[in-house]
Amino acid sequence: MQSQTLTVGGMTCAACADRIEKTVRKTEGVTNAAVNFASETLLVEYADTQTLSRVKDAVTRIGYRILDKPKGTAVTIPIRGMTCAACSARVEKAIRTLEGIESASVNLATEKATVTYNPAVIRVSKIKEAIEKIGYKVPEISRTETVDEDKLRKEKEIKTLWTKFIVAVTLAVPLLYIAMVPMMGGGMAPDAMSPAMAPDAMASPGFNLPFPKALDPRQFPLIYALAELILVIPIIAAGYRFYTVGFKNLLHRSPNMDSLIAIGTSAAVIYSIYNIWQIVQGNVHAVESLYFETAGVIIALILLGKSLEAVSKGRTSEAIKKLMGLAPKTAIIIENGEEKEIPIDEVIPGDILVVKPGAKIPVDGVVTEGHTAIDESMLTGESMPVDKKSGDKVYAATINANGLIRFKAEKTGGDTSLAQIIKLVEDAQGSKAPIAHMADIVAGYFVPVVSVIAVIAGIAWFIATRDIEFSLTIFISVLVIACPCALGLATPTAIMVGTGKGAENGILIKGGEALETAHKIQTIVFDKTGTITEGKPEVTDVVIAGGSLRSSRFASSASPEDALLQITASAEKGSEHPLGQAIVQGAWNKELELFNVDDFQAITGRGIEAGIRGVTVLAGNRKLMDERNISLSELEAESDRLAGEGKTPMYVALDGTAAGIIAVADVVKPSSKAAIESLHHMGINVAMITGDNKKTAAAIAKQVGIDRVLSEVLPQDKSVEVRKLQDEGIKVAMVGDGINDAPALAQADIGIAIGSGTDVAMESADIVLMRSDLSDVPTAINLSKRTIRTIKQNLFWAFGYNVVGIPIAAGILYLFGGPLLNPIFAAAAMSLSSVSVLTNALRLRRFKPARQEKRIRSDGQDALTVVDAE
């Protein structure tokens with residue numbers, strides 16, 4: 001019997017899954033079939049390979065596709081030309097429709113698309129062609145592009161926008177002046193005015209502002225109109241991109257914000273040009289119906305908004321730029337016995353490198369010669385330098401504080417720890433939080449709906465008033481005030497700043513979903529060993545069972561305690577368990593010679609069994625002794641005493657008889673109690689999960705203030721315990737560091753791995769703490785809360801602005817006797833809306849992590865208190 005999981009394409013609902021399942025089960029040779037609609041997979045059990053071929057044919061025959069499941073290749077593609085959420089949604093849709101694309105996510109704030117694709121089906125060049133085909137640019141950026149080049153490009157873009165704005169505003173101000181002063185009666189004698197244009201027919205003549213007589217609209221209407229046209233043409237040229245992009249998207253039936261601006265300002269300009277023609281025909285009253293200043297000021301204000309937006313968007317990615325800037329550009333290698341400086345890209349694994357005092361470590365590797373202290377604060381946030389000697393690992397971008405060392409390169413380029421951190425942060429910044437889904441849906445329909453509202457409002461007011469100028473004002477105001485940009489920027493900007501701020505403080509958040517879920521956590525489960533405790537247990541007590549050791553063939557001149565430690569350490573020599581290693585270390589510390597082991601077996605969750613000099617040695621917990629029917633009555637009192645002191649009693653038996661107890665204690669980390677206190681202040685319950693017995697676990701829990709203790713849990717059952725908590729309706733986070741924590745980290749709503757842990761644990765986690773300091777846990781939760789609060793504020797503003805602004809622009813207030821919104825003020829409001837969202841997101845840069853402060857306890861000892869993040 002064989003089984004295989006196939007990926008099925010074309011399913012749109014649960015009915016599809018049910019139909020496929022029934023069809024496959026009826027296929028000859030199939031014994032079982034199960035379809036998972038969520039993962040779009042079909043698990044089929046079958047007799048032979050011919051049956052599998054029949055299954056694929058059957059699925060294809062009913063209208064679905066069996067997709068190959070290659071390992072996707074991820075690529076980040078920079079995109080130029082996106083101006084609002086509608087643009088990013090359109091690019092994302094265009095990429096996803098290509099065959100061979102597994103996933104695509106476009107981030108408007110970073111101007112990048114993160115695409116996972118099957119290289120056997122599609123090439124990156126085809127993805128770029130698809131993007132360029134719909135009107136956007138994809139610059140060729142090499143893998144070695146430096147952050148400086150990216151910075152120069154951004155600076156050039158900002159400079160260009162500012163230049164365009166300066167040109168536009170320099171001409172828009174006199175244009176507005178020329179248009180408004182005559183309306184206020186400034187600089188013109190009443191006798192110079194025609195009766196139809198007398199002050200009582202215009203605005204109040206209470207102003208007397210200077211105005212050139214050559215441009216007097218009463219005496220020289222055509223010159224006046226042409227002057228406005230001459231001033232507005234360069235402004236339109238400065239904002240030409242709104243028209244080229246806007247109308248192109250309109251032709252592709254996917255209008256965006258640029259389309260709204262282009263339609264609105266074009267309507268004003270075209271209507272004004274029509275009135276110039278009317279003036280030429282002799283209708284001097286048409287001079288009162290020029291709207292060139294509306295178009296000019298709107299473009300100037302929107303260019304101002306775009307300039308401010310570009311500056312703000314650049315600031316959201318400052319954290320990632322800081323990380324990228326940490327890497328050195330060159331390295332010194334030993335070649336033919338001589339030192340040679342080469343570009344860092346040329347370093348390969350196996351090279352021997354030299355790092356002098358004060359220099360940065362160029363790549364990851366292992367020290368082969370020398371002794372020094374390394375400042376790893378840029379990776380871990382830990383301010384104290386870490387001593388390094390031969391055999392110790394060093395990491396790229398850390399700083400060699402004092403000694404000269406040589407080390408062997410192990411990981412280079414994109415494989416270094418720094419590169420992996422940067423990749424992780426970039427992926428997180430490119431991800432979308434679930435809270436953003438509604439905004440994405442709205443953004444997809446926003447521009448067409450606004451266009452329809454503008455047309456309906458304009459027509460309705462024209463029918464009601466028969467005033468083409470009034471209805472045109474309404475039409476332009478609705479188009480110009482609408483702002484999909486604020487919707488598109490609300491979530492990604494906050495996620496970018498939040499994840500970047502976390503990276504600065506040694507907290508790596510893997511995505512928007514993790515960032516959002518973290519603020520909902522109700523209970524945090526800590527693994528004990530290596531998480532709450534240092535993970536470096538030590539032998540504290542050796543207790544002998546009366547007579548058993550002295551009668552054995554191991555009796556020697558050494559004390560019974562040392563003899564028991566010697567025997568147990570010999571048995572534990574092959575164990576990788578921290579408690580076993582602590583016993584071996586304890587024997588070495590006493591310079592005890594270890595015996596040869598005949599055979600060895602590790603018993604998961606129980607202990608070990610070994611043969612030494614013909615004697616069967618058992619060392620482990622109570623469960624192991626109970627399973628082997630070994631009486632522990634003689635050791636009961638001592639076991640209880642040791643467990644009550646927070647020590648782990650390890651029972652030792654020789655040939656089926658209890659020989660004694662070796663107690664091992666794992667020291668609690670200094671930050672554990674303070675971090676747990678901080679979590680309590682935040683209203684979060686704290687649980688501890690451990691394989692230790694109940695008394696030992698309870699003693700540790702009492703020291704640090706744990707609410708709930710899950711003791712005597714086997715490694716494979718940790719995920720089960722997490723699931724039990726989730727079944728109670730609790731949002732659970734799991735904090736761990738070992739391989740055996742990986743299933744529990746994956747099971748939890750949020751998995752948090754600490755930096756001293758294994759690669760497997762970090763891979764399974766949603767959040768990685770680069771330090772082993774538990775005070776980073778409340779900091780991560782606080783950062784999540786602050787980020788989500790910022791996202792909600794941004795979305796509230798973005799939705800609220802459009803919900804309130806569009807009806808006002810459509811004349812709802814005017815309908816009830818209120819004011820009519822001028823298109824110029826509508827443009828100003830639109831420009832400021834996206835800037836306000838960005839500014840609000842940038843406030844997250846002021847986030848400060850929880851910090852620890854020493855205080856003196858009542859017993860005179862130092863204690864640590866976590867002061868909550870600001």
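This is a predicted model: local features need pLDDT of at least 70, side-chain atom pairs count only at pLDDT 80 or more; totals for chains, interfaces and linings use all residues.
I counted seven strands in the order S17-S29-S28-S27-S18-S25-S26, with mixed pairing. I then looked at the edges: strand S17 (507-509) and strand S26 (708-710) each have a single partner strand, so one side of each lacks a neighbour in the sheet.

I looked up strand S18 (residues 523-527) with strand S27 (residues 732-736); the two run parallel and are joined by four bridges. Ile524 has Ala733 in S27 as its bridge partner.

**Helix across the sheet.** I followed helix H27 (residues 776-809), which lies across S17, S18, S27, strand S28 (750-754) and strand S29 (767-769). I recorded an angle of about 45° between H27 and S17.

**Helix pair.** I turned to helix H21 (residues 636-644) and helix H23 (residues 694-704), whose axes come within 7 Å and cross at roughly 25°. On the H21 side I listed Asp640, Ala643 and Gly644, which meet Lys695, Thr696 and Ala699 of H23. I sorted the residues of this contact into two nonpolar, two polar and two charged.

**Whole protein.** I noted 29 helices and 31 strands in the protein. Of its 870 residues, 52% are buried. The accessible surface comes to about 39,700 Å², and 55% of that belongs to carbon and sulfur atoms. Last, I checked contacts between residues at least 6 apart in sequence: 67% of them join residues at least 24 apart.

Methods
Residues are numbered from 1 along each chain as its sequence is written. Side-chain values use heavy atoms; hydrogens and water are left out. Axes are lines fitted to C-alpha atoms, for helices over the stretch in contact, and angles run from 0 to 180 degrees between N-to-C directions. Contact means heavy atoms within 4.5 Å. Ala, Val, Leu, Ile, Met, Phe, Trp, Tyr, Cys and Pro count as nonpolar, Asp, Glu, Lys and Arg as charged, and the others, Gly among them, as polar. Buried means under 20% relative accessible area, exposed over 50%, partly exposed in between (1.4 Å probe, protein chains only). Accessible areas come from the Shrake-Rupley method with a 1.4 Å probe; for residues, only the protein chains shown count as cover. Two strands pair if DSSP finds at least two bridges between them.
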